[in-house]
Each structure stands twice: as structure tokens, then as C-alpha cells.
Amino acid sequence: MPWELKSDRPIYTQLIDQIKLMIFSGAYPPGSRLPSVRDMAKEAAVNPNTMQRALAKLEEDSLIITHRTSGRSITEDTRMVELAKNKLAQEQISEFLEKMQLMGFEQKEILTIINNMVKEMKK
Amino acid sequence: MSVILECTELTKKFASKIAVSGVNLKVERGQIVGLLGPNGSGKSTIIKLANGLLTPTRGNILIGGRKPGIETKKIVSYLPEKTYLNDWMRVHQIIELFSDFYDNFKPEKAYDMLKRLNINANDRLKTMSKGTKEKVQLILVMSREAELYLLDEPIGGVDPAARDYILATILSNYNENATVIISTHLISDIEKILDSVIFINQGQVVLTSTVDDIRDEKGKSVDGLFREVFKC
């Protein structure tokens, strides 16, 4: 997966978001081992200290576990992953709802549009 | 973390012109630092002072607690802004020269990087393009296992694809105890690999910060901030 970094936000927060997506999408399944900090930094073309900082934050959020001798792995606790995934979904949706409100849509209208679009996609 | 480079009230005058004026700086080990400033701001002068190629008019510069000299040159790997290598030499001859000269030079590293960049070790420097010469020089500098790398405009003349490879090379060749100081004005290309930046203007330090703090506080990239601070 290519790493995409924008220029207006801190790099480590973007790394956190992208690693989370890799966990949620199954690119890094629960329990799987992560490459070394250096290798991950090299792949993302970022400073190793920045990658380290991102991984430390993910560890704080219990998505990543550090083993004293054998590097890092993704948590095996699928409940933790689900929780984080739901949190991200809620963030995305509330951002979307705010934008729609700015455009002047009522909640009912928004739901109708979403329903119609979902039906379209099923066809 | 210990300090690898320290400047106190560092000042350098050339006749009546002040190139560096009362600079106080501390750079720690294990960092990649950008030394950023417009043309003529004093970047190269600071780097030359760190190498002992110039002596301070006033103040001090210390490398690992020592004044620049024989002992510091063992641990500092320097990429100057201009080439100093004899251009009749072939790349492998220069590698032999460096192996003789520096205890910490790793020829196998150099050959490996030459291969990756498709540079023939039998070619003479004078038959090479400007960009290829720059690549050769950077390869030589990064093939030393130094404690401090001072890179003066390392990516100016090379194409964007090679630039990416060179940055990857810098990332993979420095170790946790080594510090890399890169002077450049091509900020957007390198800011992702930097820990922190030092902005200098007219011989003075105007800002030191980490890259993510700048993005966090100003909501813009280091490149964007630079354009704002040094707007002409």
C-alpha cells in the first residue's frame, strides 16, 4: 500500500491514520508481526523517529503490542480493533453530517439521499 | 540524548561582511536536521566552521565536545557544496583513496549504492554529468560510518527519482547515534525525513522547531512556512 502524506498536517498523525486503515482493512491482520521501525520508515520515506512516535501512540491505544525481544505486532484482541474501527467511522460520519448541514440539508433529506445512493449501488 | 554539535555565540566576519552572527545552537545525536535559509544566509559558512575549514571570528563551535580538528574529522563526514575530487580519477580509484584515508569507510556500501544508481565504477569523474558526479560524492560521504554527516546542498543537481533514492539512502545509512545535518533550499523534497529544522537568515537563527510542531501549530508544511518567513 502506498503511503500518502499531505503537507498541512503533522506527519505522525497521518502515519497513525494510515496504519490504522491497514489494520482495519486486514492488510495487517490481528496478531501479525509488524516490520521494524526502520523498515517501515524507509517504506513510507519518513524519519524513523516520526514512525516511532506514531507506533508509540498506536501502542497507547492498545492496537499494537510491543514484545520486549521480538518487535511489534498487531493486537489479537479483535474487540479493540472493532472499537477503534467504529470510532473512526463515527468521526468520518459526523464530519460528513457537518458538511451536509452547512450545505443546508435536513437530516431526513440526508438519509433519503443515502438510501437512494445505496440502492443505486446495489443495482 | 547527548549533544553532537554545539555553537555558542558563533560569529564569522569576512572583512566588513558578517556571515554568521552570534549563533547559539545545540544539535542532538540521532537526529536528521534541516539547516534552511535563503541564498547567502550563512548555511555553508556554519558547515565550514564545523569542519574547521574556517575559524570563528568570535564564539565557539564544538563537535562532540571538541573543537574542529583531527579528532573531529574522524567522526564527521562532510559533503561540500563544490567538488574537490580530481576529475581524472575513476570511481574505484576514489573509493580506494577513501578506504586509505578513513578508518570508517565501507567500500562494499559504496559499490552497492553505485550499482543501485547504475554508475560504473570504471568511469572517470570528468566523463560524468553534473548530477552523476553529485551522486558519486554523496555515495562516498554516506559510505562512512560517521557520527555526524554534514551535507551541504546534497540534492540540488539530481533528478527527482534519484533524489528519492538518495533520501532513502540517507535514511537507511544513518544509525541511531548518528546525526545528519542537511543544508538545502529544496525543502518540500526533504521535510518528511527531517526531525527538526533550523531556519537561518542573515547569519542568525530565526527559528528552531520540529517538523510536526510546525505543522501542528501553523497548519502548514515547513516549505509553506519557509516561503512565508522569507517572502521576497
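Predicted model: local features only at pLDDT ≥ 70, side-chain atom pairs only at ≥ 80, totals over all residues.
Local features are described where pLDDT is at least 70, side-chain atom pairs count only at pLDDT 80 or more, and totals for chains, interfaces and linings use all residues. Residues are numbered from 1 along each chain as its sequence is written, while chains are lettered from A and ligands numbered from 1 in the order in which they are written.

Chain A is divided into domain 1 (11–76) and domain 2 (79–122), with bounds that come from an automatic or database domain assignment. The centres of domain 1 and domain 2 of chain A, taken over C-alpha atoms, are 28 Å apart. Where these domains touch, domain 1 of chain A supplies 8 residues and domain 2 of chain A supplies 5 residues; two residues are in contact if their C-beta atoms, placed from the backbone, lie within 7 Å. On the domain 1 side of this contact there are 4 nonpolar, 2 polar and 2 charged residues. Here Ala, Val, Leu, Ile, Met, Phe, Trp, Tyr, Cys and Pro count as nonpolar, Asp, Glu, Lys and Arg as charged, and the others, Gly among them, as polar.

A residue is buried if 20 or more other C-beta atoms lie within 10 Å of its own, with C-beta atoms placed from the backbone. After α2(A) comes A45(A), with a positive phi near 55 degrees.

Chain B contains 9 helices and 9 strands, where helices (H or I, at least four residues) and strands (E, at least two) are DSSP runs, numbered from the N terminus. Its C-alpha trace spans about 45 × 40 × 35 Å along the principal axes. Of the 232 residues in chain B, 41% are buried. Among contacts in chain B between residues at least 6 apart in sequence, 70% join residues at least 24 apart.

Finally, the contact between the chains takes 18 residues from chain B and 14 residues from chain A. On the chain B side, α6 (160–173), α8 (211–218) and α9 (222–229) each give two or more residues. By class, that side of chain B has 7 nonpolar, 4 polar and 7 charged residues.

Note on methods. Buried ≥ 20, exposed ≤ 12 C-beta atoms within 10 Å, placed from the backbone.
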